[in-house]
Amino acid sequence: MARNPSDLLYNLAPSYTFSRIEAVVRARDNSKNTGVGMTSKIQTLTLIIFQLLTLSFSAAAAGDVDPLFNPGLIQVAYAGNPTNGTTVRRAVVQPDGKVVLAGRFGAAHKSAANNIVRLNPDGSVDPSFRAPVTTTSNFITTEITALALQSDGKILIGGNFITVAGVSRPGIARLNSDGSVDPTFMSADAYHFNTGVVLDIEVGADNKITFGGHFIYGNVGGGQKFNLARTFADGSLDSSLDPTGIILPNGPDVGPWVYDILLLPDGKTLFTRSSEVVRLNAAGAVEFSVPTNHILHRFARQTDGKILVAGEFTTFNGFPVPAGIVRLNTNDSIDTSFTPPALAGGMVDVELLSGGKVLLTGNFSTASTKDLILLNSDGTADNSFSYAGATLVAYDAAVQLDGKIVVGAQARDLTGYNPPLARVAANGSLDPLQVVVGNKGKANDILIQPDGRLLIGGKFTHADSGFRSNIARLNADGLFDSSFTTNYFSNEVIDLDMQGDNVLVGADGGYAKLDGAGIAQFGAAGVTYDLDALPNGQILAGVNNILKRMNANGTNDASFLVNLNSSIRRILVQPDGKILIGGFFTQVNGSPRSRIARLNADGTLDPTFDPNLTPNGLVAHLALQPDGKIIIAGQFTGINFDTNYHDLARVNANGTLDTSFHSNTQGEVTSLRRQPDGKIIVGGVGIVSGIARDTLKRYNTDGSVDATLSAVMDGPVRDIALQDGNRILIGGEFTNVNGIDRLGLARLSNNVQPTAPFDYDGDGKADVSVFRASENKWYVLQSSDSAIYQPVFGIAGDIPVPADFDGDRKTDVAIYRPSSGQWWYQSSINGAQIAATFGSSGDIPRPSDFDGDGRADLVLFRPSTSTWLRFGSTAGSVPNVAFGLAGDQPLIGDFDGDGRSDLAIFRPSNGDWWYSASSAGGAFRNVHWGQTGDLPVPADFDGDSKTDFAVYRPSDGGWYIYNSGDGSFTTTAFGTSSDRPVAGDYDGDGRADIAIFRPSGGLWYLLRSTSGFAGLQFGLSTDTPTPNSFVP
């Protein structure tokens, strides 16, 4: 029965004031035992600033890339010889202080980079420079080995490439300052050996370009140039420099290599001819030639005209040179006053620093030099220069305008991590800002821990610039977690699972169990695609062509062994203990089973699962629906000889094909994740503008495409994880998503509305509902059809705890029995009554989804010790948390919007709210909102997927809501002193509505945010309105 709105609506109560409006954030101090009510660091921010710092990504369109999440997986390729592995061959500093780097790499820091990248002076990647794609032939890895800057800001590059950005540019090309190809520089008439390479480029004062290496340049019969050539500024050949007779062709090897060129002020040209120093006069004739006993690499000319010559030689013109470097006087004689220390291995680069000092890089590592040494002007070692970083197998160095030194190198050794790039201060100390250069990394599995941190497994050496071998842990925001220290896996990691605090790892070379810090507990060999932790502590593992079961200590359970005739790719344990497996196999223990089978808990085949189900290709992914149906995906073109069902399909619980599910996938499915609402996110091949591309799509529960989510990437998506209702994590082999650089990992917006609390019929609206303890009966007025649902569920003394325990987006009727610590719920999927024992008398139940799997978990607050106890539907048992003080009231809410409930209390003595932010590793947060006598009514009133701080004040019927979305607050009077607040989303607009239940008449009054005011009579004065179940 509706009443006159004037009976309910009053002016804002003038007594409700705050002496200050502020949020007090208490961050965990690792040096102290901090907690609620204990000493902690305090940072006070205004509510508006607090809101700006915690803005969620939920406002973006589904599929949009989160700009705040960018870990960047990089794989530094290590090799023992110069023809493989990651390199930074050249480093050049521009006049504006920016640094151009070139070599063999596909990524720098967190950006894609095709063998060339430009850094800002502070070491960050310059986004205004987009590297072009360079290609070669015969499967040779492309490498840029020469760099030169022109006075107009354009950049010359040389290497072993054939094309640049799809344009024919064999061996040498010119880029504009933004990285695009300069079309005015033409080299189309050049013939370039497939194994040829340009090693050095120099620009003269006349803008002519001289370059050398190992190549033939020019047309046959038109004046070919061998290993040394000069062009005009437009790239056309300058025939006045003729190396014929200087560098003699020697079959396909085209004579001695030219490693370095030095253009002298008098127009002469100095260059290396493999193991010789040669100087040409201005007319191009040889006027000076000196032999050595090994390769020459680099020249440097001092301001006094003396020239340093460095290489791998030990004699120069017959003169012993144990250091691999000499200085020539202006009359070409050896400067004997220059006496460098003996360094075996050879010099690769020479850089002149201020004060006449000389920086040497190369491959002369000793415990003290590590391939980087500074000499005084007389050649003696400058002992004030002390480099303490990793050993550098160095190729080139460049001095920045601030005196810092950028060193490019060859990545050689994984165990010691010899980096391909480093930056040091002028005194040799390692600069704290280091840029990781390598190739794109690969993520095969993303595992979200109960505390919100992310475990990543794949093929990489760095995550968020932290050095880790194929497995790493990140914080929820994508930042590197250094506390997880394992570098146990040298092979590609394929699968991850949690067993309590331990991590189960399946890899290309074997499997292992790690503790929470990453220390190996046990391991064994064998290609392992999937592992599953069992509730009893045992572990299922698909190793090679075997499904085995191990005990918690890693020993094999001899009573369980399943042999297959090909690989097993996926294991999925059903709630009843039966085991679903998918893969390439066609036989299980000798019985025919095509790519999918179900086993009993003891490993025997389950005969109730249709043995005639026959996908004709790989089943790599499985997902179980709450109703027992199974989503299967992979690379198959038909099921049961029906080509209408390919790559993505659904089978019934008995294994028969579900023909009501019909998707229109366009190629292989490489990843699969089922959302709590039943929709399916799929990574795989899709057609974009008529071209097959790697895409991310979402399918409805009937298999039709949900067009509200889509994304395109340049490589396959290998795994999908739901970090919360509004964010999707994807991992794979990509370098960009929707045209935005993301190396192997990205986070996308999802914009899925969370399950509406107290929605028993699943229509997205809270239902008017009561629990009648006198009858142990529930009365639910279903908003979808106005029918009344009346289950009898409970006994005397039970406490109603309605929540979505089975993950079907419908609230289940449920009770907590204090006398026995039992929880009971009736599944809205099939009516089954499910029981669990967890808790004791006196505990306060607060069921909520703390592990983020879309199902409510068993959560209790124990007032006697102010301790929280939790058991997750996915996470299982987790450690208890002491959080609160005597008199605190436990709450339910997701205050940080990460899709997982936070531990939270309201302190009625002073109106403080405390919560433990799951997105920040459980860090404590404190906000003052309310006063003594207020009732906390947390709910998402502004629809931003974050629980808002809100109180109902019985003394004046006032509602006071702090909106987390924009920092504003809502105040209104709606109710009387005896009313009970029953906030819920009664109109299905994604925002909780202000509402009260008036026991005296069993009346409901709803102030709906979209549909407006409504009132009705439903219930008795002794009933418990279920939306009030968790209001203290």
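## Burial and overall make-up

Of the 1032 residues in the protein, 57% are buried; buried means under 20% relative accessible area, exposed means over 50%, and partly exposed lies in between, with a 1.4 Å probe and protein chains only. The model is predicted, so local features need pLDDT of at least 70 and side-chain atom pairs count only at pLDDT 80 or more, while totals for chains, interfaces and linings use all residues. Residues are numbered from 1 along each chain as its sequence is written, and side-chain values use heavy atoms, with hydrogens and water left out.

Helices (H or I, at least four residues) and strands (E, at least two) are DSSP runs, numbered from the N terminus. The accessible surface comes to about 38300 Å², and carbon and sulfur atoms account for 52% of that surface. Accessible areas come from the Shrake-Rupley method with a 1.4 Å probe, and for residues only the protein chains shown count as cover. Among contacts (heavy atoms within 4.5 Å) between residues at least 6 apart in sequence, 42% join residues at least 24 apart.

## A sheet of three strands

Strands β35, β36 and β39 form an open sheet in the order β35-β36-β39, with antiparallel pairing. Two strands pair if DSSP finds at least two bridges between them. The edges are taken by β35 (442-448) and β39 (471-474); each has a single partner strand, so one side of each has no neighbour in the sheet. On average, neighbouring strands of this sheet are turned by 25° against each other, direction ignored. For such angles, axes are lines fitted to C-alpha atoms, for helices over the stretch in contact, and angles run from 0 to 180 degrees between N-to-C directions.

Six bridges connect β35 with β36 (residues 454-459) in the antiparallel sense. In one of the bridges, K442 is partnered by K459 of β36.

Strand β40 (residues 493-499) has seven of its seven residues buried, so the strand is largely enclosed by the rest of the structure. It runs antiparallel to β41 (residues 502-507), and six bridges join the two. D495 has G506 in β41 as its bridge partner. Two residues lie between the strands of this hairpin, where G500 takes a positive phi near 65°.

D335 sits in the loop between β27 (325-328) and β28 (347-352). Its relative accessibility is 6%, so D335 counts as buried. The D335 side chain makes polar contacts with the side chains of K306, at 3.1 Å, and of S337, at 2.5 Å. A polar contact is a pair of N or O atoms within 3.5 Å; within protein, one must be able to donate a hydrogen and the other to accept it, and residues adjacent in sequence count only if both atoms are side-chain atoms. With neighbours within four places in sequence left aside, D335 is in contact with K306, R327, L328 and N329.

F974 belongs to strand β84 (residues 969-974). This residue has 0% relative accessibility and therefore counts as buried. F974 and Y1005 are 31 residues apart in sequence, with 8.7 Å between their C-alpha atoms.

N776 is not a glycine, yet its phi is positive, at about 50°. The residue lies in the loop between β65 (768-772) and β66 (777-781), and N776 counts as buried because its relative accessibility is 16%.

S786, also a residue other than glycine, has a positive phi near 65°. Its place is in the loop between β66 and β67 (788-789). At 56% relative accessibility, S786 counts as exposed.
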